[in-house]
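Subject: Handover of a structure, with notes

Dear colleague,

I am passing the structure below on to you, and my notes follow it. Please read them with the model open beside you.

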Amino acid sequence: MHIKHHGAINGVTGSCHELGLEDGSSLLIDCGLFQGAEAGADGAGAAHLEIGFDVAPVRALVLTHVHIDHCGRLPYLLAAGYRGPILCSPASSELLPLVLEDALEIGVTRNRKLIEQVLAVVKERTIALPYGQWHQVTDKLRIRLQPAGHILGSAYVECDVHDSDKGMRSAMDGSGDKSGRRVVFSGDLGAPDTPLLPGPQPPERADVLVLESTYGDHNHQDCSARVERLRAAIEHALADGGTVLIPAFSIGRTQELLYELEELFHQLGETAATWRDLQIVLDSPLAADFTRGYQRLRKHWDAEAKSRIRQGRHPLAFEQLITVDTHDAHQRMVNYLAHSRQPAVVIAASGMCAGGRMVNYLKAMLGDPRHDVLFVGYQAAGTPGRDIQRYGPRGGYVMLDGERHDIRAQIHAIGGYSAHADQRNLIDFVKDIPAPPQEIRLVHGDTDAKAALRDALRQELPTGSTQVLIPGRER
Ligand SMILES: [Zn+2]
């Protein structure tokens, strides 16, 4: 048994891992897009998305969740000749076609017929696998999904490998275990206090754990501090008729934000008259589709969210919420908010400002101190979002579509929204596995985050129990 990492090794995008068995077959876990300057093995990167590895051995593809940095290269995998099944949770299987349709339209082709052909193939090959249920992939491999608490439908993957184990490290010796090896791929893990979704439970067993480390060097603000900062940014907008721009992934973060905005309206709407003037603009047909998907799939919500429904509240749909659909309406909204004194919150993609409708708002508003940009997610190196976050507070500039834009708007960041576990959550996830894993491989994080998490894990796990590795590029 061996593991190859085709992506998410030098950053947080392009997730794609291959679990190879001795009989030459393999399982692929995720097949995501790269963003910004990040690159993977085989020369893959944002500008080169073709699959560079051999797909012939791959018996099945498992998708941990439907963020494009985990599933966006699926059309390229099909183009490379992959013919096997696509395994994911039932909620992911409902959301996947929406994500792919959008990714194909933006990045690949406007040809409707071609897009529909790809989607038809994806639907036909998708197997919806409920949480907690084993699925036999080959006679030597079975897998099971467990809730990861990151976005709706997200899962971590448990793999039971019944190989002959030649060539494996001797750490197995003496364990008396004859049931093979358990390899767990974390996908993206949510934080316990992620709005709407229950937090992930640790696996009952993991001999090898491939663990994300996005926030491996960081602990989030607690939930109440996060809501306070959201409220402060909105109050600035209310005071001077500005707009709060929130770049967000359409799935996950957008719904979390709507959920917490509804809570703010619920708390303040009655008493603070000015809040009634505020408009919340969801400028993304895709995000609106997903929000409907989240509402449809409410049986997966956590207890708090369900109790709001019982109180007659509508956690993801409220009076002040406006959805912008067509591109013309979008342009009108950009002009209106840039030139009026209507206080507003705009939620639009892309989450890292690397394209999408958010870029038009930034071009129109970054130069005006009335406005605020509020980052709620991780900004990868080489993306405009990273530059705005870094240079904005010092009065710097950002290049958008080849043009320089000075930043006079106020820039804020709230870490706790990003639906990722922080360092403490990641360590707890590992420590709550009844027996420490023999090997942990850290992926999906910047260099500093991985190193900090490795050091923290080495400190907190029993001495000598676990080898913590940071895989590099493999050829
Ligand atoms: Zn994700």
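Helices (H or I, at least four residues) and strands (E, at least two) are taken here as DSSP runs, numbered from the N terminus. With that in mind, Thr254 belongs to helix α6, which spans residues 253-268. Its relative accessible area is 1%, so Thr254 counts as buried (buried means under 20% relative accessible area, exposed over 50%, and partly exposed in between, with a 1.4 Å probe and protein chains only). Leaving aside residues up to four places away in sequence, Thr254 touches Ala248, Phe249, Leu282, Ala287, Thr291 and Ile347, where contact means heavy atoms within 4.5 Å.

Two remarks on the source apply throughout. The model is predicted, and local features need pLDDT of at least 70, while side-chain atom pairs count only at pLDDT 80 or more and totals for chains, interfaces and linings use all residues. Residues are numbered from 1 along each chain as its sequence is written, and side-chain values use heavy atoms, with hydrogens and water left out.

Next, the strands. Strands of a sheet pair through backbone hydrogen bonds, either parallel or antiparallel; in these notes two strands pair if DSSP finds at least two bridges between them. Strand β2 (residues 16-20) runs antiparallel to β3, and 4 bridges join the two, with His17 standing opposite Ile29 of β3. β2 and β3 form a hairpin that has 5 residues between the strands, and Gly24 in the turn has a positive phi of about 95°. On to strand β4 (residues 58-62), which runs parallel to β3 and is joined to β3 by 4 bridges; here Ser26 has Val58 as its bridge partner in β4.

Finally, the helix pairs. The axes of helix α3 (residues 90-107) and helix α4 (residues 112-125) come within 10 Å and cross at roughly 150°, which means that α3 is roughly antiparallel to α4 (angles under 35 degrees count as roughly parallel, over 145 as roughly antiparallel, 65 to 115 as roughly perpendicular and the rest as oblique). Residues making the contact include Leu96, Pro97 and Leu100 of α3 and Ile115, Val118 and Leu119 of α4. By class, this contact of α3 with α4 has 8 nonpolar, no polar and 4 charged residues (Ala, Val, Leu, Ile, Met, Phe, Trp, Tyr, Cys and Pro count as nonpolar, Asp, Glu, Lys and Arg as charged, and the others, Gly among them, as polar).

For helix α12 (residues 423-431) and helix α13 (residues 447-460), the axes come within 11 Å and cross at roughly 45°, so α12 is oblique to α13.

Conventions
Axes fitted to C-alpha atoms, helices over the stretch in contact; angles between N-to-C directions.
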